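Hi,

Here is the structure I promised to pass on. Please have a look at it, and then read my notes below.

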Amino acid sequence: SNVPRVSPADSGDEAAPPHAHRVKTGALAFAALGVVYGDIGTSPLYALKECIHGPHAVAVTTANVLGLLSLILYSIVLVVSVKYLTFIMRADNQGEGGILALLALIPERKTTTTTTERIGVITALILFGAALLYGDGVITPAISVLSAVEGLGVATAKLSSLVIPITIGILVGLFAMQRHGTAKIGRVFGPVMVLWFGTLAILGIIAISKHPTIFAALNPIHALHFFRANGFHGFVVLGSVVLCITGGEALYADMGHFGRRPIQIAWYTLVLPSLVLNYFGQGALLLAAEGEARTAIAANPFYALAPSGFAIYPLVALATAATIIASQALISGAFSLTRQAVQLGYLPRVTITHTSSETEGQIYIPEVNWALAVGCIALVLVFKASTNLAAAYGIAVTGTMAITSIAFFMVARARWNWSIWRAGSLVAAFLVFDLAFLGANALKFFDGGFVPIVAAIAIFFAMRVWKRGRALLARYFTNAATPLDSFLDALGDGSFRCPDGDVPIVRTPGVAVFLTSNATGTPPLLMHHARHNKALHEIVLLVTVATERVPRVLDQRVSLEALPFGFYRIGIRVGFLETPDVPRALADAFKAHGLPYDLSQITYFLGRETLLATSHGEMKQFEEQVFAFLTKNSQSATRYFNIPPQRVVEIGMQIDL
């Protein structure tokens, strides 16, 4: 996302004066408005509308309006306030949240070499939830911007034909600006969202003042009457009610950027009251109208709140700005999610560009950016209206929420030692809502709900293939590796033999680095180089980069062990939110141990594997073809590890998995 990261210590520094602490917390709460609450904050544009207008709508009667508002109110309170802000956000990994951070909190089970090639059921479920978030990242910009621009059609039918072109133009501009970073834009996110939430509240209050009986919806009995009166159709409408809580997962995902308390303060002081007032205002407007007027309002109750005259045009402009901010949060979230998946070993290396020298979390990934752009524009062209997109939206959101609840149960049991009754009863209560919403949205599968499911299946398949392929590749290299002690002994006593006879290994001046995933064996690349080139540098560094299941490694990041005959074993530890920098880590190791080596004189030896996708290996041929494609198109190790390309020697190898 788009703000400086704050460690838990920073957010609650006891040494700081109370006034300074309050100012810092208030500033973070203000900043959270522009990043965390953009998605849920724009839900009034389409949530109630989808319940009373469209293929699954209910009749706009007084009882139905009161029932829907009661459902919306208690969905927001129970899912966002209780589930996420009170419980889920307690499951943090060094202050970080999000579904992959939740995965990292679940202790790994010790497995054999053969079983590490396959992922467990819980891991698979969480990865599928992460894959669904990519679907959310595609749909959110499309439905948010489209629903805002549709206000032009409400203002005058003459502008209806421009809705699609304007939406596409805004989306193209939104994705094109990503490469510049969002540091400057981020400064105006907070003020714009304050204006947006203030506008939501004022519009709602004006409408409520004309029909204050709408507050009867505070009584949850109206929600029960709604289901009794509408039967199964009332259950179907839950698929539209859930749109009022989209963005709940963003609260958790962005926790590491703001801290839990600032997010809670922003929610209870401004966001929650503004949302409730606006939804109730839309309901009051519906109840105040009759006949054709009520039908016209039902087509777009949010924009019907705008005062008569030209007030709708600035409202459209403000709504568009708010939806761009909401979209930005999801796009930045997709970047962060991708980096976590890469570091945890579930996706191939991608191009990660840091767009800020001060804020580590501001990154740009062009491959993800333009894939999202193509997906968003395609959805707008195919579905053409926010109503049509709403069906696709719900499944992605509710699926991820249900999986988050299950993962929370695992963390509560494994990390906090909660009893099965304590953890189970709480998560069962969560799942009542999650599964009800998911079931209602599943009924709209063929109306567009298949879109995020198909996308998630494809992404999950790629994750599974990549994880298994890398495990098999690591096992191949482990089996092919000679124990390092044996290699060093042979090198020392002269018994090491080259393929063409008793040719001695020549030690040449300089320092060589061999990256290896096996910290105990001799890298096959090193053996290949020694046998065929009959030479080794005087100093050889065997470097292993290990990604830990924590966001950031705070201590003992680099270890160094001196071995005989000029060899050193160096371990580099990074967190799953960090981008490895091998030269910098080597410089730290040299400085810490007083080694007089010059980084500019180091030669890095890297392997480039060519995968032979045949039917003879352990992977299925199609899976190996996919793995080979992903490997070929992944970012080079040179760029990923920030290695100077002019210092790199690549050696190719052919492998059949």
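What follows is a short account of what I found in it.

First, the ground rules. This is a predicted model, in which local features need pLDDT of at least 70 and side-chain atom pairs count only at pLDDT 80 or more, while totals for chains, interfaces and linings use all residues. Residues are numbered from 1 along each chain as its sequence is written, and side-chain values use heavy atoms, with hydrogens and water left out.

Now the chain as a whole. Its secondary structure comes to 27 helices and eight strands (DSSP runs numbered from the N terminus, with H or I over at least four residues for helices and E over at least two for strands). Of its 657 residues, 55% count as buried (under 20% relative accessible area, with exposed meaning over 50% and partly exposed in between, using a 1.4 Å probe and protein chains only). Take the contacts (heavy atoms within 4.5 Å) between residues at least 6 apart in sequence: 83% of them join residues at least 24 apart.

The part I'd start with is helix 11, residues 221-230. Its buried residues are His222, Ala223, Phe226 and Asn230. Seen down the helix axis, these fall within an arc of 105°, so they line one face of helix 11 (the arc is that of the directions from the axis to the C-beta atoms). After helix 11 comes Gly231, with a positive phi near 60°.

Helix 12 is mostly covered, with seven of its ten residues buried. Among them are Val236, Val237 and Leu238. Helix 4 (47-52), helix 5, helix 11 and helix 21 are included in what covers the buried residues of helix 12.

How do helix 5 and helix 21 (residues 420-442) cross, and at what angle? Their axes come within 11 Å and cross at roughly 135° (axes are lines fitted to C-alpha atoms, for helices over the stretch in contact, and angles run from 0 to 180 degrees between N-to-C directions). The two helices are therefore oblique to each other (under 35 degrees is roughly parallel, over 145 roughly antiparallel, 65 to 115 roughly perpendicular, and the rest oblique). Helix 5 makes the contact with Ser75, Leu78, Val79, Lys83 and Phe87, and helix 21 with Leu426, Phe430, Phe433, Asp434 and Phe437.

- Thr167 lies in helix 9 (residues 163-176) and is buried, with a relative accessible area of 0%. Beyond its neighbours within four places in sequence, Thr167 is in contact with Val145, Leu146, Val149 and Val380.
- Glu578 sits in the loop between strand 6 (567-574) and helix 25 (582-593), and is buried at 12% relative accessible area. Its side chain reaches the backbone nitrogen of Val553 at 3.2 Å.
- Ser634 is in the loop between helix 26 (621-633) and helix 27 (637-640), and is buried at 15%. A polar atom of the Ser634 side chain lies 2.9 Å from the backbone oxygen of Thr631.

Cheers

Conventions. A polar contact is a pair of N or O atoms within 3.5 Å; within protein, one must be able to donate a hydrogen and the other to accept it, and residues adjacent in sequence count only if both atoms are side-chain atoms.
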